[in-house]
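Student: Could you take me through this structure step by step? I would like to begin with how its parts meet.

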Amino acid sequence: MRRLTVLAAALLLVAAAPPRAQAQEKGSEAFLHGNDLYRAGDYAGAAAAYETVLASGWTAPELEYNLGNAYLKAGKLASAILHYRRAIRMRPTYESALLNLNYARSLTQDVKPDEQPPGRLAWIGNLRLGPGTAALLCFLAVTAFLVLGALRLRWLGARPWVGVLQAALGVLALLLAGAVLFEWTEVHGRPEGVLLPEEVEVRAGPGETYTVSFRLHEGAEVDLLRQSAGWREIKVSDRLQGWVPQKDVGAI
Amino acid sequence: MRSLPVVLLLVLVLAAPARGAKVTATVDRTTVQAGEQIVLTIQAEGIQGSMGEPRMPPLGDSFQIYSAGSSRNFSIINGRAASSQSQRFVIVPQKEGTFTIGPVEVDADHQTYRTDPIRITVTSAPPPPSPPPVSEGETGTSAGTEAIFARATVDPPDPYLYQQVTLRIRLYTRLRLLDNPNYAAPTTQGFWREDLPARKPAVEVLNGKRYQVLEIDMALFPTTPGDLTVGEVGLDCTVQDPSRSRDPFSMFGGSLLDGKQVSIRTDPVTVHVRPLPPGAPPGFHGAVGDYRLRAAVDRTEASQQSPVTLTLELSGQGHLRTVGDLDLPDLPQFRTYPSQADQKTTRDQERIGGTLSKQFVLVPLTAGDLTIPPVELAVFSPAAGAYKTLKTKPIVIHAQAGGEGTPGATGTRGDIEVVGRDIRFIETQVPAFVRVGSTWSRARFWLWLMPVSMLAYGGFWAWERRRRRLGADRALRRRLSARRTARRILKQGENRQPEEAAAKAAEAVRTYVADLFDLPRAGLTPDHIGRALKARDVDPEPVIGFLDRADAVRFAPSASAAGDWLDEARAAIDAVGKPS
């Protein structure tokens with residue numbers, strides 16, 4: 001009976017493996033093909049090859065980064081910013097993507113009115129771990145905290161250094177829980193987008209009949225708010241907010 | 001707490017009885033031309049409650065009436081409180097003649113007050129006017145009616161190439177706007193376009209009439225000489241429709257805010273762009289504007305081979321795109337490295353301008369007083385209508401021998417010169433792909449695993465607590481393990497001779513009772529067991545009877561099977577009961 005169970009589990013694993021392996025193989029082919037086209041200077045072709053991987057439902061920070069590069073070289077600034085942002089959302093400390101994003105931003109036309117230079121605490125942004133790493137470290141810290149608690153309970157007793165160590169682990173676990181929460185709010189709490197056309201008229205309401213409040217240009221990064229019948233409400237700053245056609249915004 | 005006296009005072013004022021309450025109706029003038037406005041004010045003084053809606057005899061089609069708001073006043077003069085309320089109406093007579101307004105009736109404080117009638121003389125209206133023409137000094141077009149019209153003007157109408165032209169779009173209205181006008185930007189082919197800050201609404205008097213003026217400005221910079229056209233400007237407005245407010249006092253029913261759409265399209269405006277005059281000085285590369293050029297160094301004393309930072313700054317009015325790059329003349333006494341450049345565009349209410357600055361790192365190659373000669377930049381000044389050559393003052397650097405570098409060395413250490421900027425190259429290694437939208441899948445796995453750790457700890461904690469409790473309480477430990485111990489002894493009696501089985505069965509029952517009641521196992525007689533069971537309200541008969549029979553069979557073998565003795569022992573144990 002036990003042998004049968006093991007055999008069934010192995011069969012299940014074998015049956016489940018092919019789709020992922022096949023996807024990885026197909027994705028690899030398209031990715032490498034895109035790289036070849038990029039090297040040959042066919043940036044639009046490279047972007048199309050990378051997009052086929054995305055269209056099949058698979059992604060990776062490196063894929064989004066290469067897509068950003070291909071679009072930037074092909075002159076599609078907004079799409080480049082969109083894919084760099086997606087790469088950074090998946091891996092917040094992706095240095096090459098951050099650098100190229102800054103370069104792409106320097107080519108955009110709009111400067112946010114309340115944009116501030118990096119403050120003293122800007123270095124905290126460099127400590128971001130990403131959701132997976134933050135959750136793993138948080139799990140390890142919590143588990144270490146509990147294991148140490150169990151050791152104290154049974155074998156180590158009330159030794160002072162053990163108490164200090166456990167308190168430190170507790171604080172670390174709380175900090176990492178905060179990091180997980182922060183990553184969650186970054187991904188789910190504040191949807192953002194990039195404006196795709198060369199120039200977009202931002203209107204006071206969701207329709208062509210509303211007053212044009214201001215104009216934005218290709219690559220402007222905005223917060224996404226409500227949706228209404230093919231229109232999307234966007235926010236640039238506390239004072240600049242309005243509606244644009246849904247098709248003109250790419251969600252990050 | 002500080003506001004308490006004020007509140008008490010107000011309460012006293014409101015509670016004071018109405019003395020000398022009166023309601024009056026006044027107009028700002030009694031003789032007007034048809035189509036002009038009269039302001040009618042109904043004022044109630046000395047009443048306590050709210051003034052009701054004024055009522056007046058119907059005026060027919062002779063007048064249009066609009067509500068112009070209401071107000072309340074409280075005042076204390078020489079210790080006496082006074083209150084007044086007023087409602088204002090704008091009345092526009094439609095035809096000439098003599099008319100009587102009122103008497104107006106107003107309900108207040110459960111009484112009806114009547115005002116005196118007012119006689120109005122209306123003279124004939126002037127001929128229907130058209131939008132006032134564009135004033136001198138500007139070129140533009142007007143469109144609309146006398147009540148609401150728009151005007152698009154350019155200033156100056158004949159600019160030089162790359163000189164700023166200010167396009168002003170003004171909406172003049174004597175009607176009440178119910179919404180912000182919807183503005184369609186004009187086509188500006190052949191211009192660089194920059195928006196100018198929004199202006200506050202203003203009031204302007206044209207031909208003796210007050211207009212509310214909304215203005216949108218933009219700066220245009222012609223990029224080619226000749227006649228260029230600024231396309232039509234569209235303004236869609238929602239204004240109050242006076243034709244729907246005929247009945248003077250039905251306005252309170254809700255027709256007051258009925259609006260109508262007004263679309264105004266100005267004609268295109270032509271701008272005559274003059275080419276830049278001939279005679280451009282050498283080094284002129286198309287910079288147009290009114291600028292100042294300044295040069296400064298971070299220090300004038302330096303060691304040979306140590307860097308000095310020179311900053312060139314061009315600031316003023318004009319489009320900085322015409323300026324191009326700032327550069328230095330040949331400086332043979334220095335090694336020159338261009339450093340960072342910065343450009344800031346400024347826009348005041350009227351003009352576009354900005355500051356272009358560029359830094360250079362200069363390394364003195366020799367010791368002594370080294371002069372940075374004036375830096376020159378040729379520009380065309382639209383204000384003066386002539387070319388100018390901007391010059392900075394010469395700067396002297398006192399370079400001392402020695403310094404950070406090694407004299408005579410051909411190469412010196414310094415900042416790495418950045419000569420080009422581009423993005424980083426693509427990733428070449430095939431990544432591990434994940435499902436789109438599964439950024440959180442890995443994180444979710446670890447977060448789900450966290451409760452497992454916590455449950456494991458909780459289980460360990462409970463087990464450890466029980467272990468400690470049992471370690472500290474011997475009687476409890478015996479009681480909890482009594483049944484298990486009895487079962488183990490009974491198991492030893494299986495498959496044995498009836499005599500041996502009976503002995504094991506009796507031992508199991510005795511052990512069970514001893515463990516259950518924390519009694520010594522050795523020397524536990526049926527009498528002891530009987531007393532212990534009675535003390536705990538358990539019938540001792542089944543147990544004592546069983547033990548007697550089991551002891552008897554050891555000495556007088558019977559025909560009973562071994563299994564019978566074991567089953568009887570189990571029944572006796574059950575009769576004693578379970579540990580609590």
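**Pairing across the chains**

Student: Which residue does Trp58(A) stand opposite?

Tutor: Trp58(A) stands opposite Arg435(B), which is in strand E31 of chain B. Strands here are DSSP runs of E with at least two residues, helices are DSSP runs of H or I with at least four residues, and both are numbered from the N terminus. This is a predicted model, in which local features need pLDDT of at least 70 and side-chain atom pairs count only at pLDDT 80 or more, while totals for chains, interfaces and linings use all residues. Residues are numbered from 1 along each chain as its sequence is written, and chains are lettered from A and ligands numbered from 1 in the order in which they are written.

Student: How many bridges join E1(A) to E31(B)?

Tutor: Two bridges join them, and the strands run antiparallel. Two strands pair if DSSP finds at least two bridges between them.

Student: And how many residues of each chain are in contact?

Tutor: In chain A there are 42 residues in contact with 29 residues of chain B. Two residues are in contact if their C-beta atoms, placed from the backbone, lie within 7 Å. The largest share of the side of chain A that touches chain B comes from H6(A), with 13 residues. By class, that side of chain A has 25 nonpolar, 14 polar and three charged residues. Ala, Val, Leu, Ile, Met, Phe, Trp, Tyr, Cys and Pro count as nonpolar, Asp, Glu, Lys and Arg as charged, and the others, Gly among them, as polar.

Student: Let us turn to chain B. How many helices and strands does chain B have?

Tutor: Chain B has seven helices and 31 strands. Three of the strands form an open sheet in the order E21-E28-E29, with mixed pairing.

Student: Why is one side of E21(B) and of E29(B) left without a neighbour in the sheet?

Tutor: Strands E21 (284-288) and E29 (386-391) of chain B stand at the edges and each has a single partner strand, so one side of each has no neighbour there. Six bridges join E28(B) to E29(B), and these two run antiparallel. Leu377(B) stands opposite Leu390(B) in E29(B).

Student: What about helices? At what angle do H5(B) and H6(B) cross?

Tutor: Their axes come within 10 Å and cross at roughly 170°. Axes are lines fitted to C-alpha atoms, for helices over the stretch in contact, and angles run from 0 to 180 degrees between N-to-C directions. H5(B) is therefore roughly antiparallel to H6(B), a term for angles over 145 degrees. The residues of H5(B) that meet H6(B) include Ile529(B) and Leu533(B), and those of H6(B) include Val543(B) and Leu547(B).

Student: Back to chain A, then. Is Pro206(A) buried or exposed?

Tutor: Pro206(A) counts as buried because it has 20 C-beta neighbours inside 10 Å. A residue is buried if 20 or more other C-beta atoms, placed from the backbone, lie within 10 Å of its own, exposed if 12 or fewer, and partly exposed in between. Pro206(A) lies in the loop between strands E3 (199-203) and E4 (212-217) of chain A. Not counting residues up to four places away in sequence, Pro206(A) touches Ser228(A), Ala229(A), Trp231(A) and Trp243(A).

Student: Last topic: what is the mean pLDDT of chain B?

Tutor: The mean is 79, and 83% of the residues of chain B reach 70 or more. pLDDT is the predictor's confidence in each residue, from 0 to 100. Over residues 1-18 of chain B the pLDDT is below 50.

Technical notes
Parallel < 35°, antiparallel > 145°, perpendicular 65-115°, else oblique.
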